[in-house]
Amino acid sequence: MSKKKLIVIGNGMVGWKFCEKMIDYDQSGDYEITVFGDEPRPAYDRVQLSSYFTEESAEHLELATKEWYSDNGIDLKLGQKVTSIDRTNKTVTSDSGECVAYDDIVLATGSYPFVPPVPGIDKLGVFIYRTIEDLESILAYGKNARTAAVIGGGLLGLEAAKACKDMGLETHVVEFASRLMPRQLDEAGAGLLKESIEDLGVRVHLNMNTQEIVGDGKVTGMRFLDDEILDVDMIVVSAGIRPRDELGKSTSLGMGERGGITVNDDLKTSDEHIYAIGEVALYNNFIYGLVAPGYDMADIVATNLCGLEKKQFTGADMSTKLKLLGIDVASLGNPFEEDSKSVAIHDEYRGIYKRLVVSKDGKTLIGAILVGDVEEYGQLLTFAKSGKELPVSPEAFILKGDGNLPGMGVDSMEDGDQICSCNDVSKGAICAAIADGCTTIGDLKSCTKAGTGCGGCVPLVTDIFKSEMEKAGIEVNNNICEHFAFSRQELFHLVKVRGYKTFKEVVMSEGSGNGCEVCKPAVASILASIWNAFIVEHDTIQDTNDRYMANIQRNGTYSVIPRVAGGEILPDQLIALGVVANKYDLYTKITGGQRVDLFGANVNDLPAIWEELIAAGFESGHAYGKALRTVKSCVGSTWCRYGMNDSVGLAIRVENRYKGLRSPHKLKSAVSGCVRECAEAQCKDFGIIATDEGWNLYVCGNGGAKPRHGDLLASSIDEDTLVAYIDRFLMFYIRTADKLQRTSVWMENLEGGIDYLKEVIIDDKLGLNAELELDMQHIVDTYQCEWRTLVEDPEQRKKFQHYANDEEKDDNLRLVDQRGQKRPADWKKDEDYEQYEVLPSTDASWVKVSSVDKFPIDGGRTIKYGKHQIAVYNFASRDEWYACQNLCPHKREMVLSRGMIGDDKGEPKVACPLHKRTFSLKSGEGLSDDSLAIKTFPVKIEDGDVWVELPAEVELDKMGICSGTCHSNEEDKQEAELLPV
């Protein structure tokens, strides 16, 4: 029998351990093993990496030689990075072009260092701390350096600090958190460790938010949030790790929300022939970043592949014991259990700290922290892992103490148990609300009021919610869609940190597939919120409103709303609005936000309308975007006898500052000149009310379908402070909100509620305020009137044409007169539309409809075919073209060409821009509603021209799906007779 081909991708410590286990267990020689490692040397001991500085040789770190691999029949390919896995043909390809077949794969790719995205981080003299090659570079550069700073005060950071100290450098440790090793040590233990480290001559800087790496080309220092400068010659970054999971993403394996390749108890990925072990494997939503769990994983996979007695991975203990700069440190079990009591000794004289976390009766050990003396580590670890009763009382170990019972899991709680004491909400009430359809924490809060008091029960409410959803078989995640295994918050961070500027870059690097009507506009919004580039450069990933910078209406025309900052408008501007409305036959109405809305504009006329409005002193009102809409105002102290401050002036200042700001959902604001509240500021996303001492700021209000009163964030503040708080609030919301999440819902789901938000915005709890203000200032400084940018660009104006092959407007509009103006005819109820049958074409021929350059990349345009309309799509990311009827069968409007295209589990689709009904571009079947379907047509490209295989016009007439016979401009004219199903 031929041997099974086993490929190991990754030759770090865990990959090497797996090979060692396979050699031990595969006694019959069933496997032919190939190992790919992208480093130039065999596996080495990364745990002891800092010893390289004293040895200055890599040999003592080697776990195995090249000969060991070859002697055991393993084909070791060093310096080769696997770039792709073909799961269909079961091959892997490396960056050298080599292609190797497999039966099974073990992914042991490990992790990569996280590098904080601060300005100047790429300067000469900044290094990461991960490989021998990194250390060689640090050693070479450090010979000419005097001082060094290590960014990161965790395990790896302190190892790096030891390395710098061993080089004879004046060493600083810079940590963002309030203590060293925050994942392992409490305040007292970390404080003692800090004192001990500083006694060795290493300076420790806590609560430090690095704003910039200073230096002209090379490092000379670090600037912090308070503008303090730390002079250093070299910086070593050791601020944490991220799983190297790019192969999982590109191969469409199951991924975790925050990275990592998901595995089951057998450590299999979503592909039964691909395993993941070590730091790349996500088991039960947890990455095990220590080597011991990785070794356990390697043993389990090797055991099962070789047919020995089956083993399964059930998690691993994250206890650790190590020596940091000569100081013994250990952390075991769960030393941060809140529902417990501690027995501790803190001997500052001898430099020893021991804390045991024990149960109520002192019989079981939950966790422990040891600093300076770790002699009892092994014995304590046994009791912590087994849960067995301690053979003696806790004071026999260090000191006597009393305590409370640890908390029970939510599944063991009774329905009558009280969860929220503020509002007397039981577990049973919460479970019942979930069963009745509450699918988010915000829904639960609104329905039961649990968590809306002090907020202390929110974690428990969340645990119950997750448990109940899991029991119902419903996966709880907030991934953007099937194309991204990330929430909006996580994707925002990735785009910002990695500098992605296009949807193509984002989906190729962090997602899969071609995107869809959900993720495309979400990514477009993120790109706009960060970089603030001209949105039409991303036109085909935008909803139709952003794509055409106007609001689509029920008949496929658009409304135009220019900005009227603060509601203040000049008489000549009012006249100009009337002139434009008359010229283009537009319906006019005053909006609720103190502006004028012009309805019924044909897409062909939009640039000309904008041009005339700009000439009258208007600019885009961004009513079409998930952006700041209006800042409504009363007349305030300038006219009103009750006014306490100039509300109009402040409203204009605020609106002009935040105009164009893209956010997860639309933003509305208002300024009232006194407590009489004529501008209704307290039901806005952020509202401002004058007081006799300044201004009150309210946030997260909503006046929509579910009204919510805004929360008071700050009171009686001056204008500049007010603007600073709004800057921080808006940017924090933009960073952390979910897709299409209003500020009111965001607040309901924000743990800690308004009190936490005050800590972030006013007290700078997260140390982000300076960064948030800088981000907002970038938006302000790069603002552009999008209408003006477009009308001044002849090439961009060409996009605003209904037909790709004709300059005519779309005249298939049904209008009726009402009160002296024209409006669209009423739609029927869905059930009143007689459904038609999409018949096969019986007499079709190829028709040249236009040239390739008339169609947008990854988007569609309409072509005119006699009196018929056909939507044609250039699906460039798939290298495919599609065509279908332009008529959406839902409400019978000619709009499908303006819908976003994407894929649904690989099936190409288009989403109607009116109601997001989706249809297959291959079969025409309704994907979101199987009662609807569209007619599709073959497309081919020849010599730069687009050809569509179309039936004769008379046949399309019979179908009634592509021409104006479906829409009559005469009210009394009957619609075309539709073929019944």
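**Exercise 1. Locate M181 and L740, and state for each whether the residue is buried or exposed.**

M181 sits in the loop between β11 (170–174) and α6 (187–199), where helices (H or I, at least four residues) and strands (E, at least two) are DSSP runs numbered from the N terminus. The model is a predicted one, in which local features need pLDDT of at least 70, side-chain atom pairs count only at pLDDT 80 or more, and totals for chains, interfaces and linings use all residues. Residues are numbered from 1 along each chain as its sequence is written, and side-chain values use heavy atoms, with hydrogens and water left out.

Step 1: the phi of M181 is near 45 degrees, a positive value in a residue other than glycine, and M181 is buried, with a relative accessible area of 1%. Buried means under 20% relative accessible area, exposed over 50%, and partly exposed in between (1.4 Å probe, protein chains only).

Step 2: L740, in the loop between α20 and α21 (743–748), has a phi near 55 degrees, also positive in a residue other than glycine, but L740 is exposed, with a relative accessible area of 57%.

**Exercise 2. Check the span of helix α23 (residues 769–781), and find which of its residues are buried.**

Step 1: the expected span of a helix is 1.5 Å times one less than its number of residues, so the 13 residues of α23 should span 18 Å, which agrees with the 18 Å between its end C-alpha atoms.

Step 2: the buried residues of α23 are N769, L772, D775, M776 and I779. They lie on the same side of α23, because they cover an arc of only 125 degrees around the axis, taken from the directions from the helix axis to the C-beta atoms. An α-helix has 3.6 residues a turn, so residues three or four places apart point the same way.

Step 3: the face turned away from the buried side of α23 carries the exposed residues L774 and D781.

**Exercise 3. Describe the aromatic pair of Y548 and Y558, and say which parts it ties together.**

Step 1: rings of Phe, Tyr and Trp (its six-membered ring) pair if their centres lie within 6.5 Å, and planes under 30 degrees apart count as stacked, over 60 as edge-to-face and the rest as tilted; by this rule the count comes to 18 aromatic pairs.

Step 2: Y548 and Y558 form a tilted pair, 5.6 Å centre to centre with 50 degrees between the planes. Because Y548 lies in helix α16 (residues 544–548) and Y558 in strand β30 (residues 558–560), the pair ties together parts that are 10 residues apart in sequence.

Step 3: both Y548 and Y558 are buried, and together with W610, W787 and F800 they form one aromatic cluster.
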